[in-house]
Amino acid sequence: MTLRFRTASTADVAMLASLEASFYPDDGYPAPVFFQAIHQWPELLYVAEFEAQVVGYCMGAPGTQAGQIWLMSLLVGASQRGQGVGAKLLQTWLHEVQQLGYHNAWLSVSPANPKAAALYQKHGFNIVAEEQDYLGPGEDRYIMQRNALTHA
């Protein structure tokens with residue numbers, strides 16, 4: 001079997017919620033968030049699928065400015081980490097959202113996760129700010145931005 005990428009469907013929600021809970025048992029996205037994302041922005045939630053199992057996902061939401069999108073989460077399951085799945089998923093998602101007219105992508109990432117920050121930098125994101133307590137007390141984040149017009 002091969003790895004494939006596609007937009008998520010409601011049939012994927014149980015696997016998405018399980019994947020999320022396996023990494024973030026206390027504060028991960030619950031199933032209703034994935035259902036809502038599929039209903040509101042179906043083209044912005046992508047999954048990586050291997051042997052009929054969801055092994056990763058990339059979820060975005062429109063920003064407040066025209067052409068702006070936020071990458072809310074990128075997560076790859078433990079069995080697929082270190083194999084380039086996250087990079088391929090991110091690359092696919094960035095290509096697809098650019099085709100939809102989003103040219104200015106933003107995200108936040110923990111400074112305590114240098115591998116994730118490096119992945120995003122490798123795909124054209126730059127750190128534009130460091131925010132203390134961005135997601136609550138002790139939840140500091142780098143704010144990163146990528147302009148698709150300068151990163152084809």
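Predicted model: local features only at pLDDT ≥ 70, side-chain atom pairs only at ≥ 80, totals over all residues.
**Entry 1: counting salt bridges.** I started with the charged pairs and got a count of 4 salt bridges.

**Entry 2: Glu49 and Arg4.** I looked up the closest N and O atoms of this salt bridge and found them 2.6 Å apart. Glu49 lies in strand 2 (residues 45-50) and Arg4 in strand 1 (residues 4-7), so the pair ties together parts that are 45 residues apart in sequence. I then checked accessibility. Glu49 has 12% relative accessibility and counts as buried, while Arg4, at 43%, counts as partly exposed.

**Entry 3: Arg6 and Glu49.** Glu49 also meets the side chain of Arg6 in a salt bridge, at 2.9 Å from N to O. Here too I noted a link between strands: Arg6 is in strand 1 and Glu49 in strand 2, so this pair ties together parts 43 residues apart in sequence. Both residues are buried.

**Entry 4: Asp12 and Arg6.** Arg6 forms a salt bridge with Asp12 as well, and I read 2.7 Å between the closest N and O atoms. Asp12 is buried at 3% relative accessibility, and Arg6 is buried at 17%.

**Entry 5: Gln68.** Last, I turned to Gln68, which sits in strand 4 (residues 68-76). Buried or exposed, I wondered about Gln68? Its relative accessibility is 7%, so I put Gln68 down as buried, the cut-off being under 20%. Leaving out residues up to four places away in sequence, I listed its contacts as Pro62, Gly63, Tyr102, Asn104 and Trp106.

Terms used
Residues numbered from 1 in each chain as written. Heavy atoms only, no water. Helix = DSSP H or I, 4+ residues; strand = E, 2+ residues; numbered from the N terminus. Buried < 20%, exposed > 50% of the residue type's maximum accessible area, 1.4 Å probe, protein only. Contact = heavy atoms within 4.5 Å.
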